[in-house]
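Here is a friendly walk through a two-chain model, meant to be read with the structure open beside you.

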Amino acid sequence: MSEAAAWLDYRVRWPGTEAHPGRHATRYAGAGGALAGFRPFWQLPDARHVDVRRSVLDPFGQVMVRQATSRGSLTLMMAVDLSCSMRPQPGSGLLREVAALAEAAARSAHKAGDRFGLVTFDAGVRGEPRLAPGRARFRATEVAAQLAAWAPETRSAAGLLSLSDYLPERRCLLLLVSDFWIELPALEAALAALARHDVAPVVIEEDAMATWPVRGLVRLEDAETGRRRLVWVRPGLRARAEAAAEARRVALRTVFGRHGRAPFFARGALDIAALGRHLLES
Amino acid sequence: MLAFDRPWLLVLLLPCLLPLLGSGATPRGIASLSLVPRDFLSDAIDGLLRLLMAASMAAIVVGLAGLHRERTSVVRTGTGAHVVIVLDRSLSMAEPFARTGEVAHESKTAAASRLLRAFLVERPHDVVGVVGFSTEPISVMPLTEHRDAVAAALAAMRRPPLANTNIGGGLAYGMSMFARDDAAATRVLLFVSDGAGIIGDETQNYLRVEAQRQRVHIYYLYLRAGDDPPLDEDMTGRDDSTQPAALDAFFRTLGVPYRGFEALDPGAVAAAVAEIARLENQPLQYREFQKRRDEDGACFAMAAVCLGAFLLARLAERAGKMQPSPQPP
C-alpha cells in the first residue's frame, strides 16, 4: 500500500493476555516488567534482585527478593463493516483507506509481538475476507488487498450484533471500523455484547457534500436502503446537513462513551497517525 | 366537444405514469440519506419535475392522438326573420336602373343584388333563401343560415338575365320554401321585380292559402324605371292585371301584412330595404356554427413548455461525478 511507513501506535490500560514476549505489561511473573511485589528468597532464589531495604525491615529477618511482571502481548482485532454504505459510489475510496489501516495495524502488531486478526461483517459476520488472529504478516497483506478491492453488495450491517461470537475469548483490543449507520439501540446492544473487549470505534464518515455543487439539484440514493431523493442544494441546506451530522456525532459519542473508548471520526480520509494519537489518549 | 382522430394512441398514456414512479437518471450514492435533512422545497421540486415529465409525455401522446374540438352548432336567440328573396330575372332587369345616370350605369339586378347583400350584412341572424324567376322559377338557395352562400347566390344574380316574367311561378315557389321551414320565426317574402304580370287563378288561390297559413309578411320592391306605371296608379275601371298596381292590389287582398315600395333609383331601394329591416325584427332562434378546431398544436406547445422547464432543472443538476481517489501504484 502507498502508506508504506504508516504505523499504528496503540497502548492499552489493561494487562496483556498472552505470555508471548511483547511490549505490553502483563500480570504474569517474569522479568522486564513493573514491580509486582516482594518474595522471600526461598520462594524466588534470585540473588540479583535482592532488596536490601526490605530484607532489613522484614520482621522475620528473611531475605526479600523483588518480583517483576513479564512483558507480554495481546491480540489486536479489527472488525470491518462491509455493507453497501461503506462504498456509496463505485469510485469511493473509503475501503481503500480501511485496507491501509488494516495493513498498518498488522505491521504495528507484528512489531509489538501481538497477534492480529480481522473479521468483516455486513448482514452477518462474513467468512471472507477474514483473518484468524495470528502473527503471520503476509496473510494480513493479502486480506488488506482483498478489502481494498471489495465491492459490497449487502444493504445491512446487522452482523455487528453477532460480532462477539467471532472474536477471541480473551480480552483483545478491537478496532471497530464502520460508518455505524445502524439504529442506536442496536448499536448499544452490540456494544454490550462486546463489553469483554477493549472496543476502539473508528467512525468512517463520507464527506458527501464536498462533491456537491454550491447550488443546484442533486439526485441521491441511499446506499444502505436504496431510497432515492432529489435535493436542492443551497447554503441553508448545507448548514442544516452539517448540523445533523454534528448531532449524530454527539449521539455516537454518548453511546460509545457509555461503553468504553471515545470514537475516532474519520471524515473523508482516514489519518492513521491521528488515529494512533487518539488511541493513546482515549 | 373534444374528440380524437386516433383514439387508440391514448393507450400510450399508461406509460406516461412512469415518471411519477421515479426518474431514470443515475443518482449519486450516499452512505445514508439521514445525513440530508428532510427538505420540503426539494421534495416539492422533485414532485414538480415528475409531474412535468409525465405531463409533457401525456401532452405529446394526446397531441399525436389528434385532439380537436368538433364542429358544433349552438342555438341562440336574436332578432330577425326567415326571408325568401324572390328576384326577377327577366330581360328587363338588365336595363340600367337610373336613367338619370349620374353614377355608373348599374343594372336593376346589380343594384338590387348589391343592396340586398348590404341588407343581409346588417341582419346577421336571418335565415335566407333566394329564388330567381323568369319563365320558370329557379331555386337558387334554399333557406339557410350560411351567409356566405347567400351572399354568393345574390352575387351570382348579376349574371345575364334570361327570358320572360312568370311572377306567379316565382311567388309560388318562394312561398313553397316556407312549407318546408317549421321554425317558429317571422316569415318574410321579399319580392323584387321591375314589373308585374298575370297570375293564374290557381296560383292566386295557392298563394292566398299559403300566405295565410304560414303568416308570411310580403314586401313588394318595385324597381320602377322612369316611364313605368307607378305602383299607386288608379286602376278603377281598368282590368289590366299586368300592371304593378294590380299586383299591389292583389297582395293587399291576401290578408297578411304587406307593404309595397316603389323605387326609382338605388337610393330609394336602399331606403325601402332599411324600412323592411326596421319592420322585421321579431325574436328569432338561430344556430351558430363553430368550426372544427385542432388542439394538437396546443398540446405540443404545452409539452415543449414542460420539457423546457425540465431541461432547466436538468441543467441545474450538475452531474459532477465524484473524483475517484488516486489508485495505489
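In strand S2 of chain B, Gly29(B) is the bridge partner of Glu221(A). This belongs to a parallel pairing over 3 bridges between S8(A) and S2(B), residues 28-30. Strands count as paired here if DSSP finds at least two bridges between them. Helices (H or I, at least four residues) and strands (E, at least two) are DSSP runs, numbered from the N terminus.

A word on the basis of all this: the model is predicted, so to speak of local features pLDDT must be at least 70, and side-chain atom pairs count only at pLDDT 80 or more, while totals for chains, interfaces and linings use all residues. Residues are numbered from 1 along each chain as its sequence is written, and chains are lettered from A and ligands numbered from 1 in the order in which they are written.

**The contact between the chains**

The contact draws 35 residues from chain A and 29 residues from chain B. Two residues are in contact if their C-beta atoms, placed from the backbone, lie within 7 Å. On the side of chain A that touches chain B, strand S8 (216-222), strand S9 (228-233) and helix H5 (235-258) of chain A each provide at least two residues. S8(A) gives the largest share of that side, 7 residues. Sorted by class, the side of chain A that touches chain B holds 16 nonpolar, 8 polar and 11 charged residues. For these classes, Ala, Val, Leu, Ile, Met, Phe, Trp, Tyr, Cys and Pro count as nonpolar, Asp, Glu, Lys and Arg as charged, and the others, Gly among them, as polar.

**Chain A**

Chain A has 6 helices and 10 strands. Of its 282 residues, 41% are buried. Buried means that 20 or more other C-beta atoms lie within 10 Å of the residue's own; exposed means 12 or fewer, and partly exposed in between, with C-beta atoms placed from the backbone. Take the contacts in chain A between residues at least 6 apart in sequence: 75% of them join residues at least 24 apart.

Strand S7 (residues 198-205) of chain A is largely enclosed by the rest of the structure, because 6 of its 8 residues are buried. S7(A) pairs with strand S6 (residues 173-178) of chain A in the parallel sense over 6 bridges. In this pairing, Ser178(A) stands opposite Val203(A).

**Chain B**

Chain B comes to 9 helices and 12 strands, and 37% of its 329 residues are buried. Among its contacts with a separation of 6 or more, 83% are between residues 24 or more positions apart.

One open sheet in chain B has 3 strands in the order S1-S3-S12, with antiparallel pairing. Strand S1 (2-4) and strand S12 (293-294) of chain B are at the edges with a single partner strand each, so one side of each has no neighbour in the sheet. Strand S3 (residues 67-69) of chain B is joined to S12(B) by 2 bridges, and Arg69(B) stands opposite Arg293(B) there.

Axes are lines fitted to C-alpha atoms, for helices over the stretch in contact, and angles run from 0 to 180 degrees between N-to-C directions.

| Helix pair | Angle | Axes |
|---|---|---|
| H5(B), residues 167-179, and H6(B), residues 201-214 | roughly 30° | within 10 Å |
| H3(B), residues 108-122, and H8(B), residues 266-279 | about 30° | 10 Å apart |

The crossing of H3(B) and H8(B) is right-handed. Residues making this contact include Leu115(B) and Phe119(B) of H3(B) and Val269(B) and Val273(B) of H8(B). By class, the contact of H3(B) with H8(B) has 10 nonpolar, no polar and 1 charged.

The crossing of H5(B) and H6(B), by contrast, is left-handed. A crossing is left-handed if the near helix is turned anticlockwise from the far one by less than a right angle, and right-handed if clockwise. Among the residues in contact are Leu171(B) and Met175(B) of H5(B) and Tyr206(B) and Leu207(B) of H6(B).

Finally, Arg158(B) sits in the loop between helix H4 (147-156) and H5 of chain B. Arg158(B) is partly exposed, with 16 other C-beta atoms within 10 Å. Arg158(B) and Ala110(B) are 48 residues apart in sequence, yet 5.4 Å apart in space, C-alpha to C-alpha.
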